[in-house]
Structure formats: structure tokens, C-alpha cells
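Hi,

Here is the structure I promised to pass on to you. Please have a look at it first, and then read my notes below.

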Amino acid sequence: MTKVTKILKNIPLYVWILVFTIIPLLMILVYAVFEFTPGGVHFTLEPLKNAVTNKQYWGAMLRSFNLAVISTLVCLVLGYPLAYFLSQLPEKKRNFVTLLMLLPMWMNFLIRTYALMSLIDEEGIVNLKGTDAAVVIGMVYNFLPFLVLPIYTSMMKIDRNLIEAAQDLGGNTFHVFKGVILPLTLPGIISGITMVFIPCLTTFVIPNLLNSKTWTIGRLIEYKFMSETSAYSVSSEGAALSFILMIAVFICMSIFNKLDKDDESAGGLAL
Amino acid sequence: MSEHIIDLLNITKSYGDTEVIKDLSLYIRKNEFLTLLGPSGCGKTTTLRIISGFEKPDSGRVLFNGEDINDLPPHKRKVNTVFQKYSLFPNMNIYENIAFGLRIKKLPEAEIKKKVKAALELVELSGFERRKPDSLSGGQQQRIAIARAIVNEPEVLLLDEPLGALDLKLRKEMQVELKALQRKTGITFVYVTHDQEEALTMSDTIVVMNQGVIQQIGKPTDIYNEPVNAFVARFIGDSNILSGVMLKDYLCEFAGHRFECADKGFEKDEDVDVVVRPEDIKVVAPADGMITGTVVSALFKGVHYEMIVVSPDGFHWKIHSTQITEPGSEIGMVIKPFDIQIMKIPYNILTGWIIKGEDIDLVDIGKVNVKYLPQNVNADINGFEDEETVNVYILPQDIEVLPAAPVKEPEDGDNITSGEVETFRYKGDDYEITVKCGDVVLLVHTYSKVNIGQTVYLHIPEDKIRIRKREEVVEIDDQGN
């Protein structure tokens, strides 16, 4: 295949990336640094500067980080044993339990969250309305399967012989877990964390519905866009915040990726 | 007994309805190289896994240095395994792989380092410490797997077809190295393989297994030269297996000729299987041969020619010779007495008791109730007392499998019995099946194809049933021990 036909074949992909990724990202940047007024367009760093220096915005960002970290940890604590349990089931049961786990995912995200809301408000089983606990429950409920599936996949890929080899060399359950199962599921853990942490960090629907008293970065951006968008322009401060959040997400992802690679080169078992 | 390191006592193991190991007893001596040899599905790997503790026998006991280790989990047993697919930990480098077992024992790091280095030297892969398993070739990975096991100084090393994934040349090299390693370390090796050549090359003792039963235990030369039954003869090396009759001690008849042989202790005119190795047949001029034959084909095999020769009785002989005889020409064959191996045929041995008919005319031909066939059978009971308990011998090939169910239910004296097919095996030209009839299991050789679980009707001809008095009974034991 020549280089030309290769490029031709990939054109739909390039168009897709251009239209749905690159242009929207550029537009965010454009709205963040250009002011659109009836009088014309002019360059300004004011919104970006404002977004970086405003202490309240930083508070919202920090709060979102906290909630995302806690939710991800809860997901991990619940999801890892669940993935292990799944991988140990005989095939038929495994498929059935996987189906049960995925079934709620086929329902609309909003409906699920509304349903959860009615369970934990004044008339629900427990009243957690307006607390961070409610937000964490909402995030865990919505995002748990995204963490379980990659871990489960990496567990299924572990060769049973490796576990037997570890036992054969004198390893008890703890040694086998620490020496074989945990390191070999680490890539699954990392991609699971990425799949949960990023949506937790940026979501606005869940905190909106479950705790509207305090701000998260997602809620803040949504609010800016809803309230400050005019006929001429979207909220330039909202765009600036989005841009900063995007950079934060990129930093997080590169840290996760680095963790994954570090593990590959180091390895080993310290008991 | 003190020199036994492992004793397996009456082990049985089933998966679902399939019995993989049937009442297996075996001992392994200290410092020996013992090979479990057999076709796939013969139970050899399961036997190994019972020793390593990954499988629990349904019944029977495993002794290690005389101590019962049935309930000991794998990680507490003083054995280590070299797995078929190497099973190196992909997340660790070579050093960490070999150190794994030592780390668990909490050895000081300096000692671990020394031992890992020594183990790598032993398998001639010094300097590979920092490499990752997937950067190594198959042969190198296998050596690391061996190093990882022996670094723990196990008393017994279990090897599950460790060379199965290597190419022929590398396999041959590794065979020599493994044997040398075993001598050097003095560790008891229990080796599983389906490759008879591998087993013959390396082992001190070979255990030939088939369908969960030990067929023969012996030194490689004994197994090769004196196979106890047709299965072992077929499985170990090329062989010609013929049906013959033992006329008297040191004289047998097969392929239409009487041969002197080296075996004795058979009954007069006992049906036997005769094994002649292809390299033991000397090709001579037709006039000088004990028997003659026509060459059908000749293939050059490197060191020798492999010829197929048909003798007048129709048997296809396989002959290895360094000189070629053109296909179509007639040759003579000479076989020396010591090159003829006579094997007992596994009889069905049943318990029966005599029921003599009331009619005086029927005194000679009466019924013998064979324990516990559903129906009594008629047989020649001349010379036996009424109600006497006797042994009944029936050859597997004498039992006919009826093509269809008889018109009326079989009854006493029809010599027809029915049962369910339990096992089924293709033997080359006919099938060997076992049929559960009432309380006994009959071994049957047949040309008809049947299915496991199918109900078959068997006819046992009156004149083929041999009855022997209890006290005269010579123990016929196809296990050879």
C-alpha cells in the first residue's frame, strides 16, 4: 500500500478528529482569550487571569479533586474485590453477573441519578440531601462499572499457571496476590482509575442534583455558561475555566500513564 | 522402605464421570530419574499434580518420606515444579523470578544473590539477571524455569513435559543437559512426557501409563526389550505385533511357522501376542529364511531403510535394514529366539460356580453361573463338581458383539449377555471396549464400532469358555508384577 492510499483510507478518521476534537478545543481557547462584543473582537487575557487568581474558583477546583479522589478510592475498594470475584466464577455465572452489573448502564444517566436522588432525600431511605456523601454515592453508583471492567479484563488474562507457579514456589495467598495478581492487574487498575477519576472530576449533573449547596468545578463551568452567555459570545470566563480544567486533566492522565510505565520497567517483589 | 521419597498408595481420581486414575500405586526412590510415560489423557499429568498438591486424590494416600501429605497445600510441600509453558512471572526480571521462592523463605539478600547467581551458572545463563522473560527464547525461558525451581533445593523436582514446546534439536540438547543436571544435583526428578524416546534417553525408571492404569514399570532397557503387553510394545518403539500360540515352553507358532523362543511358563496352546522389533528381523535369501515375504515398500530413513514386507499369511511386517531390497522382490526373514517377545493376552477372569442339569444326558454340558453376569452361560463342565466354585477365562477376542438386540430377552443358556459400554479405544485394526454386564466388566475386542454408554449384546460361544479349578489357577496378571 502506498503512503497516499494509506492517508486516503484514514480520511474519515482525520475529519472526525478535526470536527469533533480539534475545532471544539480551539474554540474553547478562542472564547477564553478573545472578547466578542457588538463593537468587534479583541484579544484579552483578563478571563484567564481572573480564573487563575479567583480564590473561590480554586476552592471549587480543590473540592472537585477531593470528591473525585474519594469516589475513585471507594470505587477501587468496592470494584477490585468484585472484579476478582467475577473472574473466579464459572463462565455461565460470570456472564450472568456481568450482565447484572451492566444492566443499569443501559438506562439513561439522568434517570439513574434521579432514581438515586429519591432514595437519599427527605423521603428516601436515608436523608443525605445536600451532603458530599450523597455526591460520592452518586459518582460511585454511576462510574463503578467503568472501574470493574478493565480490572476484570486484566484478571481474566492472568495465566492460571502463574498462580500455580507462585504457590509451587512456596507462596501463600498473600504472596500470590502481592507477587502475581496485583502487579499483573495494575494496568487494569490504572485504566480503571482513569475511567472513573476524570468523569468524577468534571461531572456537573451529579453534584447539581445531589448537593446544590456547594460548588464543584463542573457546576461552576456550567453555571458560567448558562448565566453569562450572550447573543454575541459564550462566557469567556467559563471557557477559561474549561481550558484550565482540561490542562489539569491532561496532567492527571500523564501521571497515570507514567505510573503504568514505571511499573513495567521496575517490577519485582518486595516482601 | 527408607529409600522411598514418595509413595502413592491406591490413588483414584475422577473428573465428573471420567475416571482419570484407577487405583494407582507407585513408589519413587531417592535420587532417581523417574518418567511417567503415556499418551495424552493417560493420567500422567494428573499423577504429577497429585504429587505437587494441585489435585487432591478422591481416595488413596500420598506419602513423602513416609509422612502422609494428603492434606498439605502445594506451597507447603518440599517439591517444585517446572511447568510445561515455563510460567515465568512476566512482571519480574530474571533475577526476581529466580529469587521469588527464596524471598518467601525470607533469606538475607546477600544469600539470595549468591544462590541466584549459582542457579544461573548451573543453567548456563549467567548475566541474564536484568532481562525480562519475554526477551528470552523458548529454550532460555525453560532453563530459567528450571533454575527458578532448583534454586529452592527441592527434594523432588517435578517436570511436566518441559521440553514439549522446543524444536527437535534443542529438545535433544536439553535432554542431555537435564540428565546431567539431575546427576549433578542429586535431586529426585519426576518427569512427565508422551515422547517415548525422551523417556528412554533420560530415565532410570519408566512408568508406562494408559487410561489411568500403570501398564509397566521398569528400566528403559526392560521396557523396550520386554514389553508386558501389546500397548507397551506399540507405545515404545516400532514393533510388529502378531497373534500366536504357545505350543510348549520355548516353542511358539505365528505367521504360519514354528519359532524357537526364550519364553516359558505358559499353558499348552495358550493364545499369546508376539512382539518382534523391526531391527531384529534379518533379511536373507528366500531359501534361507524361516518365513518368506514380498517387499511392498522401502523408505530411506537416514541410518536404515524401513521396508514393509507381506508374508504369505497376509501380515505386514515392518523391517529395518541397512541394505535396500527393491519393492516387488521376495526375501527370507530370520528371527532369533531372544528377539521374540511373548506377551500374555489379558483374559477376562471371572468367578463362576457349576450348576449341573438334572437330566443325566446333560451332565457333560451344563451351566456355569459366572459371577455375576445377568444370565447363566453354558460351558463344558466335564470333570467339575456341582456347585463348585471355579475360575472362568474368556479371551477378549472370543466375545462376539451382536449387531442388534436379540428377538427375545436373553435367558440362561443362550450364552448371550448384555451390558453398557464403559470405555472404547481404537487399537490399530480393531477396537478394545469394556462392557459392564451386571456386576462384572468384560474386556472385548471387536471390529464393530460402538459408543460409550450404548447397550450391547454379547455372545460368548460355549467352546470358548475355559474353566479352571480354583486351586490350579495360575495368577494371570497383565501388570507383570
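Chain A holds 12 helices and two strands; helices (H or I, at least four residues) and strands (E, at least two) are DSSP runs, numbered from the N terminus. Read from the N terminus, the elements of chain A go α-α-β-β-α-α-α-α-α-α-α-α-α-α.

Before the details, some housekeeping. Do keep in mind that this is a predicted model, where local features need pLDDT of at least 70 and side-chain atom pairs count only at pLDDT 80 or more, while totals for chains, interfaces and linings use all residues. Residues are numbered from 1 along each chain as its sequence is written, and chains are lettered from A and ligands numbered from 1 in the order in which they are written.

Taken along the principal axes, the C-alpha atoms of chain A fill a box of roughly 80 × 65 × 35 Å. If you take the contacts in chain A between residues at least 6 apart in sequence, 71% of them join residues at least 24 apart; a contact here puts two C-beta atoms, placed from the backbone, within 7 Å.

One residue to look up is A:Leu76, in helix H4 (residues 55–88) of chain A. A:Leu76 counts as partly exposed because it has 18 C-beta neighbours inside 10 Å.

Next, a helix pair. In chain A, the axes of helix H8 (residues 160–168) and helix H9 (residues 173–202) come within 10 Å and cross at roughly 130 degrees. Axes are lines fitted to C-alpha atoms, for helices over the stretch in contact, and angles run from 0 to 180 degrees between N-to-C directions. H8(A) and H9(A) are therefore oblique to each other (angles under 35 degrees are roughly parallel, over 145 roughly antiparallel, 65 to 115 roughly perpendicular and the rest oblique). H8(A) contributes A:Leu162, A:Ile163, A:Ala166 and A:Gln167 to the contact, and H9(A) contributes A:His175, A:Val176, A:Gly179 and A:Val180.

Finally, the two chains meet through 20 residues from chain B and 20 residues from chain A. On the chain B side, strand E6 (79–82) and helix H2 (94–104) each supply at least two residues, and H2(B) gives the largest share, five residues.

Best wishes

Methods:
Buried ≥ 20, exposed ≤ 12 C-beta atoms within 10 Å, placed from the backbone.
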